[in-house]
Amino acid sequence: MSDAPMSDALMSDALMSDALMSDALMSDAPMSDAPMSDAPMSNEPRFDELIHAPTRLSIVALLAAADWADFTFVRDSLSLSDSALSKQISILEQAGYVTVRKTGAGRSRRTHLRLSPSGRRAFTAHAAALRQIIADADALAP
Amino acid sequence: MADIEARQAQAVREAASWRWPRWYVAATAALMVAISVAMDFDQNPAMFIVVYCCGASLLQIPLAARIRVRLHRSRNTFRVNWPLGALLLTVAAVYVLARMALGAAGAPLPSTLAGLLMAGAYAAGLPLAQQMTARRLLAAR
C-alpha cells in the first residue's frame, strides 16, 4: 500500500516517465479509441479519446479514487440520470475499463462499479498525457 | 485536470463522511457484553471467541450494504486508518486489564464488569477514532 494520495501518485508516475512522455509525443503517438487491448501496459502518457469525453472522464476520475463505488453514489455525484450513467458505464464496460457487479435482489439490489486494472492504467496514462499537454502549453505561452 | 481532482475529492469526502451506524455500534457493544457475561458462567473461551467472530462477521453484511464508496488502497493507508486500529487495541487492553484487576480484587463477575467497561470504551472511543480518521483522509487528499 502506498501512502501517497492518488493525485501525488499520478504526479510521480508522470515525472518518472518523463523520457517516455517525450518519446511518445515526439513520435506523434496515435490517439486511441481505447478498446481493451489498446490499454497501455506501462504508465507512459497516452491520450485516450474514449475516456476523454467529459462525462466518462468524470466517471473514471471518480472511480480511480475508489476501490469500488455504488452506482447511486456515482449518479448523485455527477448529477446524472440512471439511464445516462448506465449508457456511459456500458461503453466503459465494453472497453474493459469498468467492471459492474450486481448484488442483492428487489429493493436491496445494488450495483457496484469498479475500475478494472486496464481502466486504471488507461486513466493514469490519460492523466499523464493531459499533464503533458498542459506543460507544453505553459512552455509555449509568452 | 481540475475536474479530475474535483471528482476524486468527491470520493474522498464521501468516504470521510462515513459514520458507523448506531445500530452497528450498539450491536457490537451488546455482543461484547454478552460474551463477557457468558465467560463468567462457562470457562470455554475458545467457543466464545468463535461466537464473537461469527457475530462480528454477520454484522458486516448489513453494514456493507450501507457503504457507498470504498476508497482505493492507495488512499486507505495505515497512516489514515491507525486511529481505528488503536481503538480496537485499546478496547482489548481495557478488558484484559480490567478483568485482571477485578479478578485480583476478588470482585464478583469480573468478566461481566470488564465487558461493560470494554463496551463503554468502544462506544465512547469510536466517534473520536472516526473523527481522526476522517481528518487524516481529508488532509491526505
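Modeller: Searching the whole structure gives three aromatic pairs over all chains. In one of them, the ring centres of B:Trp23 and B:Tyr24 lie 6.0 Å apart and the planes meet at 85°, so this pair is edge-to-face. The rule covers rings of Phe, Tyr and Trp (its six-membered ring) with centres within 6.5 Å; planes under 30 degrees apart are stacked, over 60 edge-to-face, the rest tilted. B:Trp23 is partly exposed, at 33% relative accessible area. B:Tyr24 is buried, at 7%. Buried is under 20% relative accessible area, exposed is over 50%, and partly exposed is in between (1.4 Å probe, protein chains only). Ring pairs join B:Trp18, B:Trp20, B:Trp23 and B:Tyr24 in a cluster.

This is a predicted model: local features need pLDDT of at least 70, side-chain atom pairs need pLDDT 80 or more, and totals for chains, interfaces and linings use all residues. Residues are numbered from 1 along each chain as written, chains are lettered from A and ligands numbered from 1 in written order, and side-chain values use heavy atoms, without hydrogens and water.

Now the strand. Strand 3 of chain A spans residues 110–115, and five of its six residues are buried. Strands are DSSP runs (E, at least two residues), numbered from the N terminus. Strand 2 of chain A (residues 98–103) runs antiparallel to strand 3 of chain A, with six bridges. Pairing takes at least two DSSP bridges. A:Lys102 has A:Thr111 as its bridge partner. Six residues separate these two strands in a hairpin, and A:Gly104 in the turn has a positive phi of about 70°. Strand 1 of chain A (residues 66–70) also pairs with strand 3 of chain A, antiparallel, over two bridges. There, A:Ala69 stands opposite A:Leu113.

Definitions and conventions: Helix = DSSP H or I, 4+ residues; strand = E, 2+ residues; numbered from the N terminus.
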